[in-house]
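Visitor: I would like to learn how to read pockets in a model. Please show me the structure to start.

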Amino acid sequence: MEHTISVTSQAERKVTDTKSLPFGKIPTEHMFIAEYKNGEWQNAQVVPFHDLTLSPLALCLHYGQTVFEGMKAFVMEDGHINIFRADKHYDRFIKSLHRMCMPPVPQKLFIDAIRSLVQLDADWVPKEADGSLYIRPFMIATEDRIGVKISDEYLFMVVCSPAFQYYAKPLKVKVETNFVRAAEGGTGNAKCGGNYGGAFYPTQLAREAGYDQVLWTDAIHNEFIEESGTMNAMFFIDNVLVTPQLTGTILDGVTRDSLLSIAKAKGITIEERQISYAELITAFEDGKRVEAFGAGTAAVVAPIEIIAIGHKEYKCYIEPDAMMYQLQKELFNIRRGLTEDVNKWNYVI
Ligand code: COI
């Protein structure tokens, strides 16, 4: 079924200095919203950004039926706007929705919604080289019922916010061996709200101990690295790029996937496999150069400076010639149209 998106625009709000604000603090002028009722999507609209009215009984408020995506748009060298890897984000959104028993959004509606919104708020896409427009498509269960059930009604929305560096400096992370983020069969590879809420407490404890984030380990052995806070975890050791394989407990990160492709094209050996913290300790104790970094849409490439394992802290390599910065630069060049987009990742509007 074709969905027509109506657009109601408002007089332009001046784009203020967004660079000095914390990530995600200021929305752009408009948002997209569509309703799911009686088994179909309806009332698809781009409208001025506004607060929602929800029944206190809305199911999302009680049982966590919420799913989101995180995407980015960039101003390219030639002035066009590029929405990066929209199709891969769509695929992941659909998988997350399926896992949370939520109705799929048709691909055309998803893409048209984002394109219309970004086009309308194009002035909000930062032109600075370190800036981007963060795009947050999300869906919530809105049926008003306290009884535990799969909702029959939903809102699919998209909001945007100008974004700059997510982490201001290299990270100190702590390998987490008491709490777990996800177990096999759980929702670890779904981008659902509960995964983030459940991570707050262990992350808060890590912060109190002087660390920025945790490096999660697997739920069975508490031994194998999973992912870090808001990002996938990657290591460059002995000229090999190693990252945990997608077992179902970690997110299929779009930045992770992009960096792996870029590294492969550069001839770098890639290993998607289990990596234990014991393997990291051995590498550090053997005096190897260990690069560790987070990869995520918001964080892009976030260098890790310190990894705490038990009571010991290990120092990673973060000097300017580190491989992670080369991969980051190549990703940047593709998104800005400075390098040929051989993988057809750029959705240019
Ligand atoms: C992203 O990188 O897009 C995320 O969703 C992480 C965080 C901002 C929640």
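Guide: The lining of the second largest pocket has 15 nonpolar, four polar and six charged residues. Nonpolar covers Ala, Val, Leu, Ile, Met, Phe, Trp, Tyr, Cys and Pro; charged covers Asp, Glu, Lys and Arg; the others, Gly among them, are polar. The model is predicted: local features need pLDDT of at least 70 and side-chain atom pairs 80 or more, while totals for chains, interfaces and linings use all residues. Residues are numbered from 1 along each chain as its sequence is written, and side-chain values use heavy atoms, without hydrogens and water.

Visitor: What is the volume of the second largest pocket, and which residues are closest to its centre?

Guide: Rolling a probe the size of a water molecule over the atoms shows where empty space is left. Here the second largest pocket holds about 490 Å³. Of its 25 lining residues, Asp130, Gln165, Ala299, Val300 and Gln328 are the closest to the centre. A pocket is an open set of points on a 1 Å grid over the protein atoms alone where a 1.4 Å probe fits, with protein on both sides within 12 Å along at least five of seven lines; lining residues have an atom within 4 Å of a point.

Visitor: Which element gives the most to that lining?

Guide: H8 does, with six residues. Strands S5 (71–75) and S16 (300–309) each supply at least two. Domain 1 (6–164) and domain 2 (171–335) both contribute, so this pocket lies between them.

Visitor: Where does the largest pocket lie?

Guide: Both domains line the largest pocket too, so it lies between them. Its volume is about 670 Å³. Among its 36 lining residues, Phe68, Tyr166, Tyr196, Gly229 and Thr230 are the closest to its centre.

How values were computed: Points joined across faces, edges and corners; volume = space filled by probe spheres on them. Domains from an automatic or database assignment. Helix = DSSP H or I, 4+ residues; strand = E, 2+ residues; numbered from the N terminus.
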